[in-house]
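I opened the model to look up a handful of things. My notes follow the order in which I checked them.

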Amino acid sequence: MDALTCITNRRSIRAFQDKPVPRDLLTEIITTACRSPSYKNSQPWQVMVVSGKKKQGLSEMMIELLDNGTPFCPDLPAPASWPETEQARIDRLISQRTTYTGMDLNDPAIITRARKANFSFYGAPHAIYLYQDSSLSPWSLFDLGLFAQTLMLVAQAKGIGTVPQAFVTDYAQQIKEYLAIPADKRLVLGISMGYPDQEDPANGLRTQRSPVEEIASFVE
Ligand SMILES: Cc1cc2nc3c(=O)[nH]c(=O)nc-3n(C[C@H](O)[C@H](O)[C@H](O)COP(=O)(O)O)c2cc1C
């Protein structure tokens, strides 16, 4: 698959086949993603692949914490508000999803169901956690973002689907304890990974993008 096709065809996958990705392939995907650029080649990324019973236990723990009303404690707090331009794009996504699914995405019961689907890693066989030392600067968060995108594109090139998930870091403290990740690391992102279930409508939505004129200018 050429790079342009890979970038254009990637989309977030939220339904997976019940079939693990072979360990060699997971290792190859991570190894290739390590070619991502980083500030002074500092490579500020650490990766944990969680599968099998450990992943199942993690899902159960997060769902139980949610059911008990335990407050969220993400290392990177969710934005409290957005500037107008970005908020308008979020609103467009919600409206597109509402039309596509026919569900009221502001309904608390639907929100809880969506959170639990996130905590179940949408049925993916693997949950990839990305983390780094908490003392690193915002540049290192930027670098970890580059790493995450490269990882998802390499997976896409290999026919493997992914979805980046901030939600699965909501209980960062408990997750780090469960996975024996030191408390002084920041848990930045989870990525569910597996073979896409192409028949599932959850994977049918193609999200929109703003026109290039809205985000790019050319000066001479
Ligand atoms: C940093 C980040 C966090 C995200 N968190 C979630 C999440 O918690 N749950 C989820 O289902 N999707 C999540 N997404 C996926 C976005 O909703 C998705 O990338 C966006 O709507 C564009 O759609 P696409 O990936 O299909 O192109 C996240 C994406 C990013 C980059």
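Is Gln-43 buried, partly exposed or exposed? I counted 16 other C-beta atoms within 10 Å, so Gln-43 is partly exposed. The rule I used: 20 or more other C-beta atoms within 10 Å of a residue's own make it buried, 12 or fewer make it exposed, and anything in between is partly exposed, with C-beta atoms placed from the backbone.

**Ground rules.** This is a predicted model, so I kept to its limits: local features need pLDDT of at least 70, side-chain atom pairs count only at pLDDT 80 or more, and totals for chains, interfaces and linings use all residues. Residues are numbered from 1 along each chain as its sequence is written. Helices (H or I, at least four residues) and strands (E, at least two) are DSSP runs, numbered from the N terminus.

**Loop between H2 and S1.** Gln-43 sits in the loop between H2 and S1. Its phi is positive, about 50°, although Gln-43 is not a glycine. I found Lys-40 in the loop between H2 and strand S1 (46-51) too. Lys-40 has a positive phi near 55°, and it is a residue other than glycine. Lys-40 is exposed, with 8 other C-beta atoms within 10 Å.

**Strands.** S3 is mostly covered, with four of its five residues buried. I then checked pairing, which needs at least two DSSP bridges between two strands. S3 and S4 pair antiparallel over five bridges. Gly-161 stands opposite Gly-194 in S4. S2 also pairs with S4, antiparallel, over eight bridges. There Asp-133 faces Lys-185 in S4. On S1, I counted six bridges to S2, again antiparallel. Val-47 has Leu-130 in S2 as its bridge partner. S2 is mostly covered: seven of its eight residues are buried.

**Core.** A nonpolar core here is a set of buried Ala, Val, Leu, Ile, Met, Phe, Trp, Tyr and Cys residues joined through C-beta atoms within 7 Å. The largest one has 39 residues. Ala-127, Leu-130, Ala-148, Leu-151 and Ile-191 have the most contacts inside it. Elements giving two or more residues to this core include strand S2 (126-133), helix H6 (138-157) and strand S4 (185-194). H6 provides the largest share, eight residues. Not counting residues up to four places away in sequence, Ala-148 touches Leu-130, Pro-164, Leu-189 and Ile-191.

**Phe-142.** This residue is in helix H6. Phe-142 counts as partly exposed, with 13 C-beta neighbours inside 10 Å. Phe-142 and Pro-44 are 98 residues apart in sequence, yet 9.7 Å apart in space, C-alpha to C-alpha.

How many of the 18 residues of H4 are buried? The number is zero, so H4 lies largely in the open. H4 (residues 84-101) reaches 25 Å from first C-alpha to last, close to the 26 Å expected. The expected span is 1.5 Å times one less than the number of residues. Gly-102 follows H4, with a positive phi near 70°. H5 (residues 108-119) has twelve residues that should span 16 Å, and its end C-alpha atoms are 16 Å apart, which agrees. Phe-121 follows H5 and has a positive phi near 55°.

**Asp-75.** I placed Asp-75 in the loop between H3 and H4. Asp-75 is partly exposed, with 18 other C-beta atoms within 10 Å. Leaving aside neighbours within four places in sequence, Asp-75 is in contact with Thr-169, Ala-172, Arg-186 and Leu-187. Asp-75 and Val-219 are 144 residues apart in sequence and 39 Å apart in space, C-alpha to C-alpha.

How values were computed. Two residues are in contact if their C-beta atoms, placed from the backbone, lie within 7 Å.
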